[in-house]
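Thanks for making the time, everyone. I would like to walk through some side-chain pairings in one model, beginning with the aromatic rings and then moving to the charged groups.

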Amino acid sequence: RMATELLKLLAERGHDPSVQTIIPFGGAGPTHALKLADEAGLVGVLVPAAAATYCAYGAAVSELRRDWIRTIGNQYHRDPDAAIWGGWTDLGKQAAEWLDAENVPMLDYRYVHAADMQYSGQSHYMTIDVPTSVRESEDFSGVAEALHNSHEVLYGFRESDNSVEVVSIRLSIIGRLTENTNVPDTVNKEKPSIVAIRPVFHAGE
């Protein structure tokens, strides 16, 4: 089951399983990783030194993120400028109010603007980051080009002659909470001693 889901995820992102290395974490992750890598045809497994506490440490030093999303719907066809550029302005005001209300002690933060887009007739969309220069110039051709580029990278082709539809717009605040994000060195430098030896059965052998 895990191997099937992993292969689906890799296929969706256009990655070749045979050149991928899996990094397991948590208390049980490394115990499943070898079998998972074998079934999925991955090249190897890389277990972090502090795998059991990797999640907790990551939560402690990771960036803070808060997301806002607005579904555009029919407004996109009635007034695309108001739906997209005006919508991002409104989301920016909501984000500023949240920052004032929460008063989170961040070292610094940044805004990320994105849009859920698809080609006309598609049943699924892609979430694409929109460059600051495109947003500030309010140039929809730049928004469409962002979809064309991402679609080509992921699927190997673009549909430049097809119309682009914006389903939703997004705004995220990403803030840095700490200076030190390096994982502590917990590797035991001493050469381990053999305590016991017992047979191991793997792949029927």
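Predicted model: local features only at pLDDT ≥ 70, side-chain atom pairs only at ≥ 80, totals over all residues.

A search over the whole structure turns up three aromatic pairs, where rings of Phe, Tyr and Trp (for Trp, its six-membered ring) pair if their centres lie within 6.5 Å, and where planes under 30 degrees apart count as stacked, those over 60 as edge-to-face and the rest as tilted. One of them joins Trp68 and Trp98, whose ring centres are 5.8 Å apart with the planes at 80 degrees, so this pair is edge-to-face. Since Trp68 belongs to strand 3 and Trp98 to helix 5, the pair ties together parts that are 30 residues apart in sequence; helices (H or I, at least four residues) and strands (E, at least two) are DSSP runs here, numbered from the N terminus. Both Trp68 and Trp98 are buried, by which I mean under 20% relative accessible area, with exposed being over 50% and partly exposed in between, using a 1.4 Å probe and protein chains only.

Another pair, that of Trp85 and Trp88, is tilted, at 5.8 Å centre to centre and with 45 degrees between the planes. Both of these residues lie in helix 5, three residues apart, which is about one turn of the helix, and both Trp85 and Trp88 are buried.

Residues are numbered from 1 along each chain as its sequence is written, and side-chain values use heavy atoms, with hydrogens and water left out.

Returning to Trp68, the charged end of Arg66 sits over its ring, 4.5 Å from the centre; the criterion is that NZ of Lys or CZ of Arg is within 6 Å of the ring centre and within 35 degrees of the ring normal.

How many salt bridges does a search of the whole structure find? The search gives ten, a salt bridge being a side-chain nitrogen of Lys or Arg within 4 Å of a carboxyl oxygen of Asp or Glu. Among them is the one between Asp90 and Arg70, at 3.1 Å from N to O. Asp90 is in helix 5 (residues 80-102) and Arg70 in strand 3 (residues 64-71), so the pair ties together parts that are 20 residues apart in sequence. Asp90 is partly exposed at 32% relative accessible area, and Arg70 is partly exposed at 26%.

Strands 4 and 6 bring us to two further bridges. Arg176 forms a salt bridge with Asp108, with the closest N and O atoms 2.5 Å apart, and because Arg176 lies in strand 6 (residues 164-176) and Asp108 in strand 4 (residues 108-119), this pair ties together parts that are 68 residues apart in sequence. The side chains of Arg170 and Asp116 also meet in a salt bridge, at 2.8 Å from N to O; with Arg170 in strand 6 and Asp116 in strand 4, the pair ties together parts that are 54 residues apart in sequence. Is Asp116 buried or exposed? At 1% relative accessibility, Asp116 counts as buried, whereas Arg170 is partly exposed at 25%.

Finally, Arg1, Glu5 and Lys8 are linked in a network of salt bridges.
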